[in-house]
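Good morning, colleagues. Please keep the sequence and the model in view.

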Amino acid sequence: MPPTDRIRDHAGQGATTVAAHRARRRLRADRARQLADLLRRQLLTDGFGSGTLPHESLLATDYRTSRNTVREALDLLRSEGLVDRLPGVGTVVVARKYPHGLDRLMGLAETLHEHGRVTNEVRTAGPVSAPAPVADRLHVPPGADVLYIERLRRLNGLPLSLDLTYIPLDLGTALLGADLENTDVFRLLESITGRPLGHADITLEAVNADAHSAAVLEAPRGAAVLMVERLTHLADGRPVDLEFIRFRGDRISMSGLLHRTA
């Protein structure tokens, strides 16, 4: 075989080896991500009651995978701040996410009452001229005053969400004298109007925390937060509460029960 052909043949074998190595790495990364999803679910549902995950070798056996894949999966969970590695102990749960149901229309304190006490730091509360999108959604005249409330909401003292709320001023004026620090706005609205809330339109998306939100939530700048936009109506259909809620993504998980209808 001519020298040039041998060189080409050797180069071709090298390229094949590199491609195969990259394919194995991608496959292991895929499996690690799949395993991390399964373990995360157990973390969120207190599946590891002792607070310590099984040994890597046991996890590898249980999930029929390699220890390297298990290590990569645990590294993913560690990067999310859910677990940590302690010498002589193993992998332990260091944080948890609190479940927020999407099946019922409830305030945060009502939703999380089993997990501790929700308190509100009222950062701003007062009338503002309604921006056009706010006026449109609350069915008030463009430029009309609405009540604007900004609250940092904590669960057991830990920052959980930053809530920006707009309420028609005929209802909002009564809220200014209410206990906004310890009471859900939902409960206050029902008390003021004497009518129950009916339904809410809700949108969820992940956004990067801006500098202000990150500082208030004590989260890294640019960290992903769960953005919830919710427009709540009274039972008669009147829109009364437009909220933009930024949840710390590492402390909350959304869940719901969906039915398929014909």
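Leu258 counts as exposed, at 79% relative accessibility. On that scale, buried means under 20% relative accessible area, exposed means over 50%, and partly exposed lies in between, with a 1.4 Å probe and protein chains only. Leu258 is placed in the segment after strand S10 (252-255). Helices (H or I, at least four residues) and strands (E, at least two) are DSSP runs, numbered from the N terminus. Between the C-alpha atoms of Leu258 and Gly172 there are 34 Å in space, and the two are 86 residues apart in sequence.

Before I continue, a word on provenance. This is a predicted model, in which local features need pLDDT of at least 70, side-chain atom pairs count only at pLDDT 80 or more, and totals for chains, interfaces and linings use all residues. Residues are numbered from 1 along each chain as its sequence is written, and side-chain values use heavy atoms, with hydrogens and water left out.

The predictor's confidence in each residue, pLDDT, runs from 0 to 100. Its mean for the chain is 88, and 94% of the residues reach 70 or more. Where is confidence lowest, and where is it highest? The lowest mean, 75, belongs to helix H1 (residues 3-44), and the highest, 96, to strand S9 (residues 239-248).

Strand S9 contains Glu243. Is Glu243 buried or exposed? It is buried, with a relative accessible area of 2%. Contact here means heavy atoms within 4.5 Å. Setting aside neighbours within four places in sequence, Glu243 has contacts that include Arg151, Asp163, Arg230 and Phe186. From Glu243 to His199, 44 residues away along the chain, the C-alpha separation is 14 Å.

Val83 lies in strand S1 (residues 83-86). Beyond its neighbours within four places in sequence, Val83 is in contact with residues including Leu43, Leu53, Leu74 and Val93. The C-alpha atoms of Val83 and Gly143 are 49 Å apart, for a sequence separation of 60 residues.

Next come two backbone points. Arg64 has a phi near 50°, a positive value in a residue other than glycine. Arg64 sits in the loop between helix H2 (56-62) and helix H3 (67-79), and is exposed, with a relative accessible area of 79%. Glu218, also not a glycine, has a positive phi near 55°. The loop between helix H8 (211-217) and strand S8 (224-234) holds Glu218, which is exposed at a relative accessible area of 52%.

Finally, the whole chain. Its secondary structure comes to eight helices and ten strands. The radius of gyration is 25 Å, well over the 18 Å that the globule rule gives for 262 residues, so the chain is more spread out than a compact globule. That radius is taken over C-alpha atoms, and the rule is 2.2 Å times the number of residues to the power 0.38. Along its principal axes the C-alpha trace spans about 90 × 50 × 45 Å.

How much of the chain is buried? Buried residues account for 35% of the 262. Of the contacts between residues at least 6 apart in sequence, 61% join residues at least 24 apart. I shall gladly take questions.
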